[in-house]
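This briefing looks at how two protein chains meet. Please read it with the model open.

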Amino acid sequence: MPKQSYLCIQRSQPGKGAKPSPAQMQEMYAKFNAWKEKFKDKIVDMGGQLKAGGKIVSSEGATDGPFVEAKEVIGGFMIVSAESMEEAIEVVRQSPGVWRPESSVEIREISTP
Amino acid sequence: MSTPRLVEHFFRHEYGRLVATLSRRAGVQHIEAVEDAVQSALMTALETWTIAGLPDNPSGWLFRVAHNHLMGELRQRTARRRILEQNAEEDIGTPENGPEIFLAGEVRDDLLRMLFVCCNEAIPLESQLVFALKSLCGFDIREIALRLFTSEANAYKRLGRARSHLRKHPPRPADLAGEQYSSRLPAVNKILYLLFTEGYLSSHAEMAIRRELCNEAIRLAAILAEHPVGQTPETFALLALMHLHAARMAARQDGSGGLLLLEEQNRELWDRQGIQVGLEWLAKSAQGDGFSRYHAEAGIAAEHCLAPSFQETRWDRVVECYSLLERIAPSAIHKLNRAVAVAEWQGPAAGLDVLEGFEPPTWLAGSYLWAAVLADLHRRCGNAQAAMRYRDVAFESAPTPAVKELLRRRLRTGSPG
């Protein structure tokens with residue numbers, strides 16, 4: 001079966017969740033690297049963090065937002081390659097919530113012509 | 001896409017180093033802003049390094065990011081308050097100075113300086129301890145509360161006391177020069193001792209957690225002993241006793257996490273190398289004519305480490321050390337320990353004689369230790385009734401199931417022996 005690419009969008013709620021301690025960060029770092037190693041064949045692009053703020057461009061020009069809803073922030077993205085949505089879900093499900101605690105990930109298949 | 005591993009406790013120890021260095025540059029009164037900046041820098045590192053991999057010099061990278069966070073924050077505050085007397089930018093230097101500060105010596109000095117800053121008799125001892133665990137060891141409040149068996153609210157209150165004192169009376173560089181260091185050394189030794197015993201003596205079943213406190217105490221004490229200010233017999237003796245106790249730690253627990261009595265421990269499990277290190281520090285501590293409580297305690301620990309078996313322990317020497325300890329640092333607990341050692345040396349009746357007519361202070365009288373020792377000595381003397389009475393008290397006041405189980409084995413009824 002041909003592989004599909006999936007865009008994974010990580011969302012989090014600003015200010016929610018306790019800050020991890022340095023010891024917990026180290027644990028997250030190790031877990032995340034183990035996860036990255038395990039799925040290295042499926043991760044097409046590690047993507048990255050998205051900085052806060054930005055511009056919305058429409059036919060009326062560029063404005064500062066608002067983005068979706070103020071209580072929800074897109075924190076980062078990456079691209080995963082998988083044979084099915086189920087497989088993509090599995091890759092994401094196993095990833096330690098390293099970006100921000102209490103965040104969720106939206107997975108969208110990227111359509112190929 | 002290989003991901004190099006970070007050394008153990010990298011984040012936690014970087015936290016301590018960065019807080020110490022940035023506090024020196026910005027002033028301890030800004031400790032909260034410093035800690036926030038360091039926390040943010042570590043978080044940024046976690047997010048960046050997991051995606052882009054480790055930078056060439058992770059410590060330098062962290063310093064630059066934390067430094068920039070802090071500068072931004074302090075500049076904002078300065079602007080907000082329009083206070084120009086403390087020009088943060090000049091105080092803390094430029095980030096280009098970053099790599100140079102990672103000369104081992106200077107980081108070591110920053111850590112030490114922080115240790116001396118927090119060991120200030122104007123700050124309650126328990127607050128000093130929490131402050132050191134937070135700022136120097138990089139534990140957060142939850143982790144500290146867990147390790148000190150207190151509530152988060154209480155740990156936070158203790159931290160607050162230390163911080164508010166330092167905010168109101170920030171030490172000037174001159175406050176911590178030569179003589180000041182020496183005069184605060186006993187307080188520094190004491191806090192390290194306390195940190196160690198919190199880990200070692202706690203009845204908490206979680207071995208790994210306790211061990212961490214002991215390791216932190218040893219780490220900081222070793223840094224202290226490397227510096228001229230810490231090169232004193234007391235600090236050497238302190239390190240000796242830490243290593244000698246730590247060497248026996250692994251053998252203090254059975255396979256399922258229960259505590260083992262000294263006589264039940266498998267001496268094969270003792271860490272011979274650790275004992276060797278401890279004995280070397282002990283030899284080094286035997287200079288000058290000062291004999292501190294740390295010398296006495298290290299002496300006791302050494303006797304146990306050197307004894308081939310429980311029965312072959314040189315109890316006369318242990319008793320002697322306890323007598324010295326009682327004289328230097330009078331405490332009912334030392335008397336109680338001496339009674340135990342005397343009982344091993346000259347029999348249970350002699351042990352009871354030590355405690356004859358002694359009124360224990362309430363904190364000891366109500367503890368399981370006091371009741372357990374009396375129950376044991378009476379049992380071995382054949383005083384069944386007294387033994388039972390004390391045994392019930394000991395069971396009742398045992399703080400954890402592990403201690404209760406240990407008491408059950410030790411104080412089992414039956415023939416004296």
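Contact means heavy atoms within 4.5 Å. The model is predicted: local features need pLDDT of at least 70, side-chain atom pairs count only at pLDDT 80 or more, and totals for chains, interfaces and linings use all residues. Residues are numbered from 1 along each chain as its sequence is written, chains are lettered from A in the order in which they are written, and side-chain values use heavy atoms, without hydrogens and water.

**The interface**

- In the contact, chain A supplies 23 residues and chain B supplies 25 residues.
- The two chains bury about 2200 Å² between them, with 62% of it on carbon and sulfur atoms; buried area is the accessible area (1.4 Å probe) that two parts lose on being put together, summed over both.
- Eight residue pairs, both at pLDDT 80 or more, are in polar contact between chain A and chain B.
- A polar contact is a pair of N or O atoms within 3.5 Å; within protein, one must be able to donate a hydrogen and the other to accept it, and residues adjacent in sequence count only if both atoms are side-chain atoms.

**Helix H1 of chain A**

- H1(A) gives 11 residues, the largest share of the side of chain A that touches chain B; helices (H or I, at least four residues) and strands (E, at least two) are DSSP runs, numbered from the N terminus.
- Buried residues (under 20% relative accessible area, 1.4 Å probe, protein chains only) of H1(A) include A:Met25, A:Phe32 and A:Trp35.
- The buried residues of H1(A) pack against E2, strand E5 (73–82) and helix H2 (85–93) of chain A, and also against helix H1 (10–26) and helix H2 (31–52) of chain B.

Definitions and conventions
Buried < 20%, exposed > 50% of the residue type's maximum accessible area, 1.4 Å probe, protein only.
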